[in-house]
Protein chains: 4
Amino acid sequence: MSGSGIWPAGVRCAVVLSFDLDAETLWLSRNPRSADSPACLAQGAYGPKVGVPRLLEMLRRQEVRSTFFIPGWVVERYPETARAIAAAGHEIGYHGYLHEKPESAEQERELIDKVKVIMSRVLGTTPVGHRSPLWECLPGLVDVLCASGFEYASNLMDADLPYLHAATDGSGLVELPTSWLYEDAAHFFFTLQEPARRPIATTDTVMNIWTAEFDGLYDEGGILVLTMHPQIMGRVSRVRMLDQFITYVKSRPGTWIAPGIDVARAVRPKLRAIPPYPAGGRPTPSPAALPRSSHAGSNTP
Amino acid sequence: MSGSGIWPAGVRCAVVLSFDLDAETLWLSRNPRSADSPACLAQGAYGPKVGVPRLLEMLRRQEVRSTFFIPGWVVERYPETARAIAAAGHEIGYHGYLHEKPESAEQERELIDKVKVIMSRVLGTTPVGHRSPLWECLPGLVDVLCASGFEYASNLMDADLPYLHAATDGSGLVELPTSWLYEDAAHFFFTLQEPARRPIATTDTVMNIWTAEFDGLYDEGGILVLTMHPQIMGRVSRVRMLDQFITYVKSRPGTWIAPGIDVARAVRPKLRAIPPYPAGGRPTPSPAALPRSSHAGSNTP
Amino acid sequence: MSGSGIWPAGVRCAVVLSFDLDAETLWLSRNPRSADSPACLAQGAYGPKVGVPRLLEMLRRQEVRSTFFIPGWVVERYPETARAIAAAGHEIGYHGYLHEKPESAEQERELIDKVKVIMSRVLGTTPVGHRSPLWECLPGLVDVLCASGFEYASNLMDADLPYLHAATDGSGLVELPTSWLYEDAAHFFFTLQEPARRPIATTDTVMNIWTAEFDGLYDEGGILVLTMHPQIMGRVSRVRMLDQFITYVKSRPGTWIAPGIDVARAVRPKLRAIPPYPAGGRPTPSPAALPRSSHAGSNTP
Amino acid sequence: MSGSGIWPAGVRCAVVLSFDLDAETLWLSRNPRSADSPACLAQGAYGPKVGVPRLLEMLRRQEVRSTFFIPGWVVERYPETARAIAAAGHEIGYHGYLHEKPESAEQERELIDKVKVIMSRVLGTTPVGHRSPLWECLPGLVDVLCASGFEYASNLMDADLPYLHAATDGSGLVELPTSWLYEDAAHFFFTLQEPARRPIATTDTVMNIWTAEFDGLYDEGGILVLTMHPQIMGRVSRVRMLDQFITYVKSRPGTWIAPGIDVARAVRPKLRAIPPYPAGGRPTPSPAALPRSSHAGSNTP
């Protein structure tokens with residue numbers, strides 16, 4: 001029944017409902033001046049204050065477990081929220097300390113160590129799933145994550161099936177690929193701060209897009225990793241839409257809704273490791289090799 | 001019947017229809033060069049010239065009272081319009097003098113005093129409800145507003161229920177939270193001036209969004225604070241949509257449509273004060289604590 | 001039957017279908033570097049090459065006359081197109097020489113004189129209707145236009161009915177107001193050149209918006225001035241949508257579809273002159289009076 | 001049966017399904033820093049990794065041949081993908097080496113020579129169809145292409161029928177015009193990198209737009225050149241939409257779906273050469289002739 005050959009018996013298609021609980025750090029990492037803006041901070045706070053309780057209640061009723069990627073700062077600031085998420089059976093994944101993009105492998109390691117201490121203290125566990133803040137990754141990220149004990153990442157948009165990044169030390173890291181198409185912010189987030197986000201889609205529009213993608217991935221035996229933010233998806237009309245989407249997904253036999261770590265562990269034995277971006281047989285030109293005008297076109301696609 | 005426990009007997013859900021009557025000040029505060037642009041000024045003038053009469057007539061027919069937040073400059077320039085709004089039973093709230101963002105608590109106080117004098121002269125009243133121009137607030141705004149006699153503000157986007165900001169002097173300020181999702185400009189406003197606004201949604205789209213949110217808030221017992229601008233919402237097709245929305249809202253038993261001040265006074269006795277942003281148990285990192293690269297990512301959400 | 005009291009007997013609502021035939025000047029005035037871009041120029045050329053013949057044929061079949069505002073440069077470059085438009089009974093209005101924004105009243109006069117000579121030579125007529133390129137006007141425009149023999153302008157967005165600007169010399173200029181909502185480019189134009197334009201609406205969306213506005217204006221007895229560009233509206237699916245819109249509009253009794261000049265002359269005797277923007281009883285603050293921070297807010301509406 | 005008089009017997013309307021297989025070069029040419037961004041590169045890699053196999057399977061089932069314009073760098077990096085495309089009967093066209101915009105005719109010639117060598121080695125053929133990267137063309141492009149043996153280009157947006165550019169040497173180059181309206185990226189591409197692209201349309205929206213255009217062009221006897229990118233159009237829901245679109249198009253008698261080269265060769269004998277942009281009877285003002293303020297308007301359309 002598995003279209004792709006990597007799924008456990010009886011599974012045809014996997015769905016991971018992941019939430020990036022950025023809270024105020026979404027705003028602080030977009031623009032440090034947000035620290036002095038109650039208006040921006042309040043938008044972030046909606047996530048833990050309103051979005052998470054509403055989502056947890058819906059997920060509980062649907063009997064579905066998911067993954068919440070939570071910055072360390074948010075775990076410190078909202079420890080009861082983080083514990084409530086874990087207590088409900090959801091996986092807690094890594095999402096930076098302040099939703100920042102590290103500038104080097106060393107800084108990445110320092111951030112990971114810092115967050116592990118926080119999560120260990122507040123939650124009694126350390127994360128094995130990695131979601132990059134700001135959708136950005138360092139070129140050498142795979143080696144850093146493998147050395148730090150991560151089992152999977154969910155950052156790249158180059159596949160509709162899990163695959164395995166080879167690490168330099170011979171180990172590997174499962175990738176659970178996602179897409180802007182599967183992200184709530186791409187459709188729903190509104191801000192005039194650069195990079196500005198608009199317009200606001202209706203829930204019908206996003207239900208249409210996600211259902212059409214799920215239908216196709218279901219037939220092919222692929223994976224659908226939704227990436228959502230409680231401060232965005234937690235609005236009451238959107239939680240209802242997600243509720244309906246889950247009901248639809250569950251109605252198709254062989255669909256497996258699970259936290260990222262469950263999927264990663266289930267498929268890993270079937271995966272053959274491939275070199276990660278951008279090295280390892282994936283040559284890319286250096287900036288110097290590009291013609292000077294290559295990014296100046298007024299019609300740039 | 002009240003889902004949240006803060007509503008008066010018989011009330012399940014509250015709806016505040018608020019209008020920011022910015023007129024020309026919307027343009028002047030976006031870009032001072034608009035003062036020399038008849039094309040920009042005319043767009044602002046549509047609000048008092050066309051939008052307000054059309055809205056007042058519809059609200060009168062629906063027997064609904066609302067809140068108009070009006071900059072002092074607009075009260076001076078369109079005194080008959082302001083008086084007509086008040087005479088129809090609507091609340092007049094504070095919205096700056098020139099739709100400006102003050103740079104300090106002292107400047108905020110000066111602006112409030114200046115506008116109080118104008119409103120007192122033109123309308124015979126002073127405002128007790130506060131809506132920040134440009135959706136921005138100073139960190140210490142709560143103390144300033146409490147000291148100036150304000151009873152409520154409607155500025156932040158962190159809740160679906162009213163709550164109470166604690167002031168340093170022991171008093172408090174009711175917050176009637178709103179959302180970009182509930183703002184007409186987020187959906188309808190078009191301008192190529194930075195920050196640019198586009199595209200223009202259909203009224204069906206916004207009716208869909210607002211109805212879906214209302215349905216959910218109704219079931220939960222929440223509050224829906226629409227924030228509209230007569231120069232945007234006053235177009236004939238949009239007034240008709242709002243008319244239909246009000247008819248729908250009124251059809252659900254236990255819905256209370258009221259000016260902000262009525263709601264604030266009704267719920268205040270039930271609310272427990274919490275410290276305002278960003279101080280008071282809500283630590284946020286200073287800009288210096290943020291990694292330098294945190295706001296440079298090309299994929300910033 | 002007239003809702004507003006200004007319409008001729010039997011008329012309830014007026015519709016002006018206006019076209020700005022910018023051709024290549026749309027691109028040249030957006031960015032002078034377009035002069036070296038065949039890709040940009042070709043987009044402009046689609047208007048006279050394809051859009052105009054398709055529109056003329058449809059308008060002929062519908063037996064509807066409209067107004068084409070044509071820059072002088074376009075009249076020089078496409079004289080046969082301009083003559084075909086005039087020969088089909090449509091009004092030719094003024095739209096600058098190169099779709100430029102003049103910097104002074106003197107430059108405006110020079111441009112008008114230059115274009116009059118061109119139109120006189122190519123078409124045997126001079127324009128009496130004015131549409132500003134780039135939707136911008138000089139503060140003293142009304143005086144310039146009255147002195148130059150213009151009878152009406154269609155530039156501002158502050159009303160749903162024609163009105164009369166008072167000129168300093170005691171004469172007046174009819175304004176036929178329009179709106180971004182009634183412009184094809186606001187919905188359909190796509191370019192990544194700044195100011196960028198996206199996304200592209202479906203014809204169903206624009207039919208929905210224009211029909212909803214027309215229905216309301218019809219009931220109130222207003223005026224609907226559509227502003228379209230042959231290079232944008234001339235795409236085959238959009239001409240069909242406009243065709244259907246015209247059929248719908250004609251089905252409502254008392255609707256008057258006419259060129260701008262016919263409407264302006266019909267209503268002028270009923271109009272009382274009011275001072276133009278921004279002078280004459282319409283005080284606006286100078287930029288110096290604005291607080292420095294007024295246009296810096298990250299949440300600027 | 002041919003509405004335009006240029007089509008072969010039995011043909012009423014032509015449809016070219018073209019794909020720009022930019023892969024990582026889309027990102028490298030937008031911003032050279034993408035070379036260090038696994039997140040950007042992965043989005044590009046989705047095209048050859050997932051999009052192309054999915055599209056090839058659908059096109060095979062539909063028994064439809066198309067044109068893939070592939071940068072030389074992508075042919076080098078994904079030689080098996082390029083060979084699979086050619087082996088399935090599709091035309092391989094020119095699309096630069098690194099999706100760059102050349103700065104001079106000489107650089108254009110060098111790029112063409114470089115890519116010819118690569119394609120000759122990997123595919124055993126050289127391209128005769130030209131699609132400019134970034135939708136931009138040098139003013140003298142037609143002469144360069146004719147001298148390099150190209151038979152057609154598909155770059156400009158000024159017609160709904162093929163036409164012939166006259167070259168200085170007396171030869172000619174067929175143009176197969178396209179439109180932003182017919183490009184997948186204009187509707188579906190999402191990125192926050194400047195120039196940013198958003199929002200993401202539903203497949204229903206694009207099906208609506210493309211069907212409405214096809215219906216009109218079919219009646220007129222025109223040409224519809226879709227321009228798609230496997231990294232964008234290759235998502236499963238979009239391949240299904242394209243599948244449905246092809247089924248619809250094939251249901252209309254007299255529709256000819258063919259690679260660009262087949263169409264170019266079929267119509268060329270019927271075409272009369274016209275001078276290319278911007279020279280040859282198509283005078284455009286030099287930037288110096290434009291008023292300084294022409295591109296400064298805050299309301300620029």
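This report walks through one interface, some aromatic pairs and some salt bridges in the structure above. The model is a predicted one, so please read every value as computed from it.

**Where chain C meets chain B**

Let's begin with two neighbouring chains. Their contact draws on 53 residues of chain C and 50 residues of chain B. The size of an interface is often given as the accessible area lost when the parts come together. For chain C and chain B, that buried area is about 4,500 Å², with 59% of it on carbon and sulfur atoms.

Charged side chains also meet here: five salt bridges run between chain C and chain B. One of these joins Asp160(C) to Arg235(B), with N and O 3.3 Å apart.

Which helices of chain C supply at least two residues each to the side that touches chain B? They are α7 (184-188) and α8 (203-220) of chain C. The largest share, 10 residues, comes from α8(C).

Now for the aromatic side chains. Over all chains, the structure holds 36 aromatic pairs. In chain D, Tyr94(D) and Phe150(D) are arranged edge-to-face, with 5.7 Å from centre to centre and 70 degrees between the planes. Tyr94(D) sits in strand β3 (residues 91-94) and Phe150(D) in the loop between α6 (141-147) and β5 (152-153) of chain D, so this pair ties together parts that are 56 residues apart in sequence. Tyr94(D) is buried, at a relative accessible area of 1%, and Phe150(D) is buried too, at 4%.

Another pair in chain D is Phe214(D) with Phe245(D): their ring centres are 6.3 Å apart and their planes lie at 80 degrees, which is over the 60 degrees needed, so this pair is edge-to-face as well. Phe214(D) belongs to helix α8 (residues 203-220) and Phe245(D) to helix α10 (residues 236-250) of chain D, 31 residues apart. Both Phe214(D) and Phe245(D) are buried.

In chain A, ring pairs link five residues into a cluster: Trp210(A), Phe214(A), Tyr218(A), Phe245(A) and Tyr248(A).

**Salt bridges within chains**

The count of salt bridges over all chains is 52.

| Asp20(A) | Arg131(A) | 3.0 Å |

Where do Arg131(A) and Asp20(A) lie? Arg131(A) is in the loop between β4 (129-130) and α6 (141-147) of chain A, while Asp20(A) is in strand β1 (residues 13-20), so their bridge ties together parts 111 residues apart in sequence. Arg131(A) is buried at 0% relative accessibility, and Asp20(A) is buried at 4%.

In chain B, Asp243(B) of helix α10 (residues 236-250) and Arg61(B) of helix α2 (residues 38-62) are 182 residues apart. Asp243(B) is buried, at 16% relative accessibility, whereas Arg61(B) is partly exposed, at 46%.

Asp262(B) lies in helix α11 (residues 260-267) and Arg65(B) in the loop between α2 and β2 (67-70) of chain B, so this bridge ties together parts 197 residues apart in sequence. Asp262(B) is partly exposed, with a relative accessible area of 28%, and Arg65(B) is partly exposed with 39%.

Finally, salt bridges that share partners join Arg54(A), Arg235(A), Asp160(B) and Glu220(B) into one network.

Technical notes: Residues are numbered from 1 along each chain as its sequence is written. Chains are lettered from A and ligands numbered from 1 in the order in which they are written. Side-chain values use heavy atoms; hydrogens and water are left out. Contact means heavy atoms within 4.5 Å. Buried area is the accessible area (1.4 Å probe) that two parts lose on being put together, summed over both. A salt bridge is a side-chain nitrogen of Lys or Arg within 4 Å of a carboxyl oxygen of Asp or Glu. Helices (H or I, at least four residues) and strands (E, at least two) are DSSP runs, numbered from the N terminus. Rings of Phe, Tyr and Trp (its six-membered ring) pair if their centres lie within 6.5 Å; planes under 30 degrees apart count as stacked, over 60 as edge-to-face and the rest as tilted. Buried means under 20% relative accessible area, exposed over 50%, partly exposed in between (1.4 Å probe, protein chains only).
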